[in-house]
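Me: I'm new to this one and would like a close look at what sits on the inside. Could you walk me through it?

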Amino acid sequence: MQTTVVQSKNQSAFVRSGTGVDATSASDVARQAGLDWTVSLHDLSANYTIPGNETPNMLPVKDKQAVVKTTAMGIATPIGVVGSRYQVFQNGEVFSALDSIIDSGQARYSAAGEYDDGAKVWMLLQLPDTMEIKGDPHAAFILAKTSHDGSSSVVIRPVIERLWCANQINKIYRGKNKLTYTLRHTSNAQLIPKEIANIMQLTHTNMEMYSDLSITLMEREVSRGFAVDYFKKVFPLPTAIEFAPIELLSKGEKSLRTRALAARSIAFNIYNESPTQENIRGNQFGLWQSVIEYADHHRQGDSLKRAISSIEGRSDGLKTKALDALITV
């Protein structure tokens, strides 16, 4: 993913876990990003040895198949177990429906990647839509991801990225407006013009909602005390654990308090000291962005694990919780 914006020390999840591409079709993306391997189905059996008998028996496993990934070099890796009716599709085939959006000129392929040994794959489209908030450039993307282990259909959703700090704003909606599109793994799966328009409208709506929300939150100035209390709400502890003498806590309670206090401290330091918050410090928007930055770049796990967590949307609940703590004030 290329941009002329000078980045902070944070890197985009897509940069950390994928490969930038310059392609006009999903099959080209698969080739450039190293996703041009194949998947195939194979019968499953259990290697069982009867007690007292050294000879193993291969017992067939009914109604289950193994999904095997095979590279161009012939290296085979099992990546999942699926039912007997599961039908595999190659990466280029799964994402070929996205070519309609590219052909329409409304987006371009930007990056792609895999994780869980290829059981999960994703492709990223970048839209020409951009906006600035307090001088910060933001870009609009469409993320499409799926699985080869039967755990997911093709899921397509908009993503906004604050380019300066590489924060992903994935989930700012509330209620039933989920801004997500799902395409099932079927042999005739394809996007029709109406669906393309719907996906693009979801993305534009996401940008508009985020812009309106940023204006509202930046108008709400906050004190240091408010910030401290806010991070306590986002990373809460039961009163009995929060204020009890440490020696009276169980091992599990000590661990829970340590994690919560560490999260509060890191998020507050991002808000209070990080250069990525310099232009938005002192208001509720800055508080929210601090939690997003914590979720995307400072939670436990290495850089790749945090990147995959962002792509999977595993931190969306925390980001939404952090927003709700401000909206309901």
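What percentage of the 329 residues in the protein chain do buried residues make up?

Reply: Keep in mind that this is a predicted model. Buried residues come to 47% of the 329 in the chain. The chain itself has eleven helices and ten strands, and its C-alpha trace spans about 70 × 60 × 35 Å along the principal axes.

Now for the inside. The largest nonpolar core holds 72 residues, and the ones with the most contacts within it are Tyr 109, Met 123, Tyr 230, Phe 231 and Trp 288. Helix H5, running over residues 193-218, gives the most to this core: eight residues. There's also a second, separate core of 14 residues, with Phe 14, Leu 124, Leu 143 and Ile 308 among them. As a general point, nonpolar side chains in soluble globular proteins tend to be buried together.

Asn 167 counts as buried because its relative accessible area is 0%, and buried means under 20%. Setting aside neighbours within four places in sequence, Asn 167 is in contact with Ile 160, Glu 161, Arg 162, Gln 289, Ile 292, Glu 293, Asp 296 and His 297.

For contrast, look at the surface. Tyr 48, Ile 50 and Leu 59 form a nonpolar patch there, with about 270 Å² of accessible area together. Ile 50 sits in the loop between strand E2 (38-49) and strand E3 (56-70). With 40% relative accessibility, Ile 50 counts as partly exposed.

Key
Residues numbered from 1 in each chain as written. Predicted model: local features only at pLDDT ≥ 70, side-chain atom pairs only at ≥ 80, totals over all residues. Heavy atoms only, no water. Patch = residues over 30% accessible without salt bridge, like charges linked within 9 Å, V, L, I, M, F, W, Y side chains within 5 Å. Areas by Shrake-Rupley, 256 points an atom, 1.4 Å probe, with all protein chains shown as cover. Salt bridge = Lys/Arg side-chain N within 4 Å of Asp/Glu carboxyl O. Helix = DSSP H or I, 4+ residues; strand = E, 2+ residues; numbered from the N terminus. Buried < 20%, exposed > 50% of the residue type's maximum accessible area, 1.4 Å probe, protein only. Core = buried A, V, L, I, M, F, W, Y, C linked by side-chain atoms within 4.5 Å. Contact = heavy atoms within 4.5 Å.
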